[in-house]
Amino acid sequence: MNLSRTVSRAVTAAAMAAALGMGTVHAAAATALTDRTGSAAGAVNRTGEDGGWRGDGLSLSPADNARVDAFLDRARKAERSISPQVRAAARLSHAELIGFDHRLKSPDSLKRKVATSMKEHPGEGVNEALAGIRDSVRYTLQWPDNRYTAGVAVASTVLSAWGNDSNRWSNTWTRPKGYKAINSAWRAPRSQHLFEAQFHTPAGKHAQEVTHELYEEQRLPTTTPERARELQARQDAIFAAVPVPPGADRLTAPLSLPPVPVGR
């Protein structure tokens, strides 16, 4: 049974219409917060005098670095229309919105990710690497175990009903080992920009935070295969203690729905 599809579109549309009163306020707040976090996120940016970027044994040419900067600018603009919808989805599904101030990926983090992708895939250009980036704008929604499955169903259906196309749905509650959550990616209708929404329980989110440094070390190009296996085993042991909420392993992406018409 697809639990996310049990949410009636009529009910969703009515709830969204009732929530639109908060949308204008949230849009203004999101814009103001973007202005603050945008500059703060760029505080660690390893751009050299030649216009290129270097860090952690990786590099981008001046031309590639400029393309990533342009992509980051598009992400900041797209976020202004995405955030009000995500905040409304969180409110309607009774989710806690975790780390909202960090919804924009920092320039240094994004450049490291792009450079890593290009190094791991010889012949891949910067445009191809950027096309695979889904988390330049990202959000985390969290529910207690007993409300998780219903909450994810409501939140994902609301996002779909607003015209966001499901681009990726990774439900790792079904895995016997490793990370436990749902990572979803969506293409926003107005900007066509991809954004990520992670759906967590408190225990799963805590495990993610505890294992973050292990995961980051595992991804470094300088990490040996032996060390990578050791790091993965330590992460697996931590995630093994995370309970699986009832029905979470059966959650799938919502049906594509025609966008709900919004009055001016």
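**Entry 1. The protein as a whole**

I began with the contacts of the protein: among those with a separation of 6 or more, 72% join residues 24 or more positions apart. I note here that the model is predicted. I then looked up the secondary structure, which comes to seven helices and seven strands. Read from the N terminus on, the elements follow the order α-β-β-α-β-α-α-β-α-β-β-β-α-α. I recorded the accessible surface of the protein as about 13000 Å², with 53% of it belonging to carbon and sulfur atoms. Of the 264 residues, 47% count as buried.

**Entry 2. The sheet**

In which order do the five strands of the open sheet lie? I read the order as β3-β4-β7-β6-β5, and the pairing is mixed. At the edges I found β3 and β5 (165-171), each of which pairs on one side only. From one strand to the next the twist averages 25°. I next looked for a helix on the sheet and found that α5 (residues 145-161) packs on it, touching β4, β5, β6 (182-187) and β7. The direction of α5 makes about 10° with that of β6.

**Entry 3. Strand β4 and its partners**

I turned to strand β4 (residues 138-142) and checked its burial. Four of its five residues are buried, so the strand is largely enclosed by the rest of the structure. I then followed its pairing on each side. Strand β3 (residues 96-98) pairs with β4 in the antiparallel sense, over three bridges. For Leu97, I found that the bridge partner in β4 is Leu141. With strand β7 (residues 194-200), β4 runs parallel, and five bridges join the two. Here I noted Gln142, whose bridge partner in β7 is His200.

**Entry 4. Helices α6 and α7**

I looked up how α6 is placed on the strands: α6 lies across β3, β4 and β7, and it runs at about 115° to β7. I then examined helix α7 (residues 225-239), which has 15 residues. From its first C-alpha to its last, α7 reaches 21 Å, close to the 21 Å expected at 1.5 Å a residue.

Which residues of α7 are buried? I listed Ala228, Leu231, Gln235, Asp236 and Phe239. Seen down the axis of α7, these buried residues fall within an arc of 140°, so they line one face of the helix. In general, an α-helix has 3.6 residues a turn, so residues three or four places apart point the same way. On the other side of α7, I found Glu226, Arg229 and Ala237 exposed. I also asked what the buried residues of α7 pack against. The element is α6 (202-219).

**Entry 5. Asp50**

Lastly, I looked up Asp50, which has its place in the loop between α1 (9-41) and β1 (53-55).

How values were computed. Residues numbered from 1 in each chain as written. Predicted model: local features only at pLDDT ≥ 70, side-chain atom pairs only at ≥ 80, totals over all residues. Heavy atoms only, no water. Buried < 20%, exposed > 50% of the residue type's maximum accessible area, 1.4 Å probe, protein only. Pairing = 2+ DSSP bridges. Expected span 1.5 Å × (residues − 1). Arc of directions from axis to C-beta. Contact = heavy atoms within 4.5 Å. Axes fitted to C-alpha atoms, helices over the stretch in contact; angles between N-to-C directions. Areas by Shrake-Rupley, 256 points an atom, 1.4 Å probe, with all protein chains shown as cover.
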